[in-house]
There are 2 protein chains.
Amino acid sequence: MANFLKRILLGKPIRTDALNEERLSDRQALAIFGADALSSTTYATEEILLVLVTIGTSALYFSLPITLGITALVLIVALSYREVVHAYPQGGGVYNVAKANLGELRSLLGAASLVIDYILTVAVSVAAGIAALTSAFPSLIPYRVPLGILAILTLMWMNLRGVRSSGRIVIVPAYFFIFAVLTMIGYGLIRYATGNLPVEPIQNGAATLVDTVTFFVLLRAFSAGCTALTGLEAISNGVKAFQSPEPQRASRTIQRLSLLLGVILLGITFLAFQTRVVPTADETVVSQIARTLLGDTPFYYLVQIGTLLILFLAGNTPYADFPRLAALLARDGYWPKQFSNLGPRLVFSQGIVALSAVAILLLAFSGGYVHTLIPLYAVGVFLGFSITQLGMIVHHKRNLTRKKPRNPLSSFKSLSINAIGFAATSVVFFVVLFSKFLDGAWILLPMLTFLLIIMTKIRSHYSQVDRALSPERALLISAPSQRILAVILVAKVDRRAIEGARVARGLHPAAVKALHIAFDAEAGEQVKRTWENFFPDIPIEIRINQFREVIPPVLDFLAEAGKSWTGKIVAVVPMLVLQQPFAEFLHNKTGTRILTAIREDPRSQVEIYEVPVKLKERRTSPRRDRRGATGSRRP
Amino acid sequence: MANFLKRILLGKPIRTDALNEERLSDRQALAIFGADALSSTTYATEEILLVLVTIGTSALYFSLPITLGITALVLIVALSYREVVHAYPQGGGVYNVAKANLGELRSLLGAASLVIDYILTVAVSVAAGIAALTSAFPSLIPYRVPLGILAILTLMWMNLRGVRSSGRIVIVPAYFFIFAVLTMIGYGLIRYATGNLPVEPIQNGAATLVDTVTFFVLLRAFSAGCTALTGLEAISNGVKAFQSPEPQRASRTIQRLSLLLGVILLGITFLAFQTRVVPTADETVVSQIARTLLGDTPFYYLVQIGTLLILFLAGNTPYADFPRLAALLARDGYWPKQFSNLGPRLVFSQGIVALSAVAILLLAFSGGYVHTLIPLYAVGVFLGFSITQLGMIVHHKRNLTRKKPRNPLSSFKSLSINAIGFAATSVVFFVVLFSKFLDGAWILLPMLTFLLIIMTKIRSHYSQVDRALSPERALLISAPSQRILAVILVAKVDRRAIEGARVARGLHPAAVKALHIAFDAEAGEQVKRTWENFFPDIPIEIRINQFREVIPPVLDFLAEAGKSWTGKIVAVVPMLVLQQPFAEFLHNKTGTRILTAIREDPRSQVEIYEVPVKLKERRTSPRRDRRGATGSRRP
């Protein structure tokens, strides 16, 4: 039943040899890897304005210099990541860079920051997408959370099915968004140039700058705007997906993406300032700009649909990245190993489901509002940036000292770029962390600590298992003591018991015993008599349990036997197999519970011989079957 | 963890030999078995009035003759049940009487009607108790359903704990109710006799009687009032609980109970008519009478508390009866046999939980209103009455014809009483069924049919299992073909595989094979090489599965082997046992899933030898342990 549903929802399982990584053209790569970064432009300006407006609308002027600063940061980070792409053409991002250069702890810290980053990307992008939708259709506002959950479930379903050739499909919404937003910005600038937009002079702007309170607010506004950089690292994680020559193409795509990002960011902030937009709870800034410029025309709705699409696409990016990171961590032993299993559709199903589950929880608890999640978001991203750049510095240094580089000048140039990148991103990391600490960014510290502890605990568990299971150890400890004590568990003297006795004798045991647990002496006596009638040569032990429990006395018996018997003990457990729907509701299922209990009992080391007794005989021997059927009438 | 919680909630498990049935004095028995019947008086009048009021308030006058008729019926049924008590002093009620006299089908019909009756008693009594509460405290009206569910959960908890000496406790609320209600009736009658109650003459009462519509309404009102008889049979189910001489004491108690019932019923109806009470949705009739007579005094609240207590007590009655009936049915093979297991506190836990679950569902779906459930209730009860009386008629006839009774006159008298009882109850059954058919009583027919089908299906399943498991059959079909093919399932060539190989060799097999499922050829080749290194004498089969599944190829291999191998096949499954909390989240649990799949596979008949490989060694041999630990460094 569950299998049938799975088949319907996910489609037919795919063979492993159908796995071939699709290579992306530059245009496709820009759409796929750029979606996350581009989508940030739809809420970065709003985040800046939200902070500035707390000290008055006149302070909104500062959004312009702040955005210029952020754009400069975008270019620095982009340049730094071009170096990453050339140095690590196999992709993998911060975890790989840090593992190669900075050791276990920092690589895990990088991985942990990525994990948090990916989860937040899904939740924030979906929430922002729903905000774009509810801005255009305010009647949907009460349904924010259910709509968001529906969107995440759709992403999960799409990814569990493993939509093939996703590259070709996703370029449509990405370029639709780029086209719609650039057109709007261009139209706005033309109207500004022709004097069709209201431009009022700003008062007191420069005067308040010296105020320290204002300075701190500006810092917070800058931190808030840094969400614009989220997703910029995505290309470095997926270099292998590019067509050859991969590093060159990836590098070129980073360059284009950063320029596009800068233009859109500056354009939106400029128009927001010129149209005197103030952020509100129910309509996004981009929607307000579009409404002011375009009115309630179809063009307005096109911009909103573009925004919704790019955000949905951005929410899809972690579905490509997180399951791969989790599988990588699982292979290195830091994550439950199920995450490295390829599901029926050749995707890492466990990672996809886990990501969706956590994102849904986050969305539900934050009530579907973006702003509560964003403080967390930027901090994690900049932590990842900093660790990557630090790793790159170590990488270049090692190159310069150990190997003799063919072109030391170029290597030195790369080192300088990453050093600047590290300086910029680490400073911004601390700025963002401290300026947003009380807004909720503090929670990142316990979260990262928790993830680090979990990952190292998992690793030590797997090492312990590996050590315990090593074949050499086995050869040493498993003495071939073959003196078997067979214990037949007897529920009732019926076919099961007879099959059990037959099997027990076949083990050639040194000793054989039967064990029956009775709830009162009379019933026990009767089983004993019947048993001795059938098997006078096998002694049966009857234990009376006054608490009407079967499992504890069985375990007690086996533990006691284990103390006195020097060889090994085999519990022979005949199991009734029903093979009928609903029939299991009519039986106690003591059999399977006993199997688990014996296996898990720490007091004894008992092997279990399970004899399935099926209600229906095997189909292959119909003659035997018939004889059995008539045999049931007493001969 | 679950066990700990269970221990806290239910208390320490009780030994079987602590089981001794407590005998009840007449006074205790009247309280325990009478609660159900007495509690019916709190809503029977209301049900009558609810029907009458549909044709106008003047018709309320008819409540008096109708109640007189119902009181007569009470006395007839009581007389009939005195016969049951004498004939079946072992108790058991309709199921036992019908089984002895009417054959399987009618005894099951009786049992089914009892099952439905018990469930409805819980739901109706609790709902009516909550109605008494909300009549006194109208602010609680919105919480009807949660309060009702809480009450049922409390009943469940009390009964799962198995409250001892319940007899002594319950007499308090029962006599409290009897005292409060009789006092109120007495006070009302004194005020009526002294002319302190408003008595208006009734117009047109006699004139409308000839109208057929009115006649039908009167019939429906009578049917509605028949709920007063529910619970009257309870004493006959528990004769064994009385002190010696049981039948005499039980018979006397029935007599007292029926008289008390008649007095209270007539009293309430008379006062309801004299105080001109009209039923409303938010206040019960008894509450209205009490409020009219007593005002908002503490005496009013005493009546309401008494009503609440007796109803709660009535809701408790099925918890004594249903689990015992279910256990009886389970022992006869008509009900899942788990229902005959005595739980840790010496009660039939499964029956208690099942009863509560269904009653909660019923309460929730009916919205906590009594009136929606009552049509069902009376029909089921009268079906049970009729079957019992029919069974008694057969019983007496058999006594008169087969055995020679010492006192034929007394036997003939008994026969007449039960014949009158049968005539009365069966006529009322059809009246109630048809007059309430469209009000929801129709649902009883599919419900009874469904229960009958289920019970006979269960019975035939158990017979099939018994036949299949009969020892004679086993001796015939289990040929001692001991040529074993051992198949070792290899997940990885580690300690598990080595233990598996050791065990397989110990089976003295005619042939032994290893099986490994790989997901790609390269990985498979590597396992093959390592294996051959360790066990050059055991051939290993590597199967590549392109769908990354382990279980289906294992089953296929075993099914194929079963076709060619004439002896028996033993699958040797080494199982990693973790014995650490949370550790199971870090493993695939393929082992246990394989065990189940092999056991259930209809294509093959494979025995399973499970070798638990524990992470931690047995505590008893510390020296061996240390040797193993150092051995893990390659020697």
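Author: A crossing of two helices is called left-handed if the near helix is turned anticlockwise from the far one by less than a right angle, and right-handed if clockwise. This is a predicted model, in which local features need pLDDT of at least 70 and side-chain atom pairs count only at pLDDT 80 or more, while totals for chains, interfaces and linings use all residues. Residues are numbered from 1 along each chain as its sequence is written, and chains are lettered from A and ligands numbered from 1 in the order in which they are written.

Reader: Which hand has the crossing of α2(B) and α10(B)?

Author: Helices (H or I, at least four residues) and strands (E, at least two) are DSSP runs, numbered from the N terminus. The axes of α2 (residues 26-52) and α10 (residues 246-274) of chain B, lines fitted to C-alpha atoms over the stretch in contact, come within 9 Å and cross at roughly 25°, on a scale from 0 to 180 degrees between N-to-C directions. Angles under 35 degrees count as roughly parallel and over 145 as roughly antiparallel, and α2(B) and α10(B) are therefore roughly parallel. The crossing of α2(B) and α10(B) is right-handed.

Reader: Are α5(B) and α12(B) roughly parallel or roughly antiparallel to each other?

Author: Helix α5 (residues 104-136) and helix α12 (residues 298-331), both of chain B, have axes 8 Å apart and an angle of about 160°. In their crossing, α5(B) passes α12(B) in the left-handed sense. By their angle, α5(B) and α12(B) are therefore roughly antiparallel.

Reader: Is Arg548(B) exposed, partly exposed or buried?

Author: Arg548(B) is placed in the loop between β3 (540-544) and α20 (551-564) of chain B. A residue is buried if 20 or more other C-beta atoms, placed from the backbone, lie within 10 Å of its own, exposed if 12 or fewer, and partly exposed in between. Because Arg548(B) has 17 other C-beta atoms within 10 Å, it is partly exposed.

Reader: Which strands are the edge strands of the ten-stranded open sheet?

Author: Two strands pair if DSSP finds at least two bridges between them. The order of the sheet is β3(A)-β2(A)-β1(A)-β4(A)-β5(A)-β5(B)-β4(B)-β1(B)-β2(B)-β3(B), and its pairing is mixed. Each edge strand pairs on one side only, and these strands are β3 (540-544) of chain A and β3 of chain B.

Reader: What is the bridge partner of Ala514(A) in β3(A)?

Author: Strand β2 (residues 511-518) of chain A pairs with β3(A) in the parallel sense, over five bridges. The bridge partner of Ala514(A) in β3(A) is Ile540(A).

Key. Angles under 35 degrees count as roughly parallel, over 145 as roughly antiparallel, 65 to 115 as roughly perpendicular and the rest as oblique.
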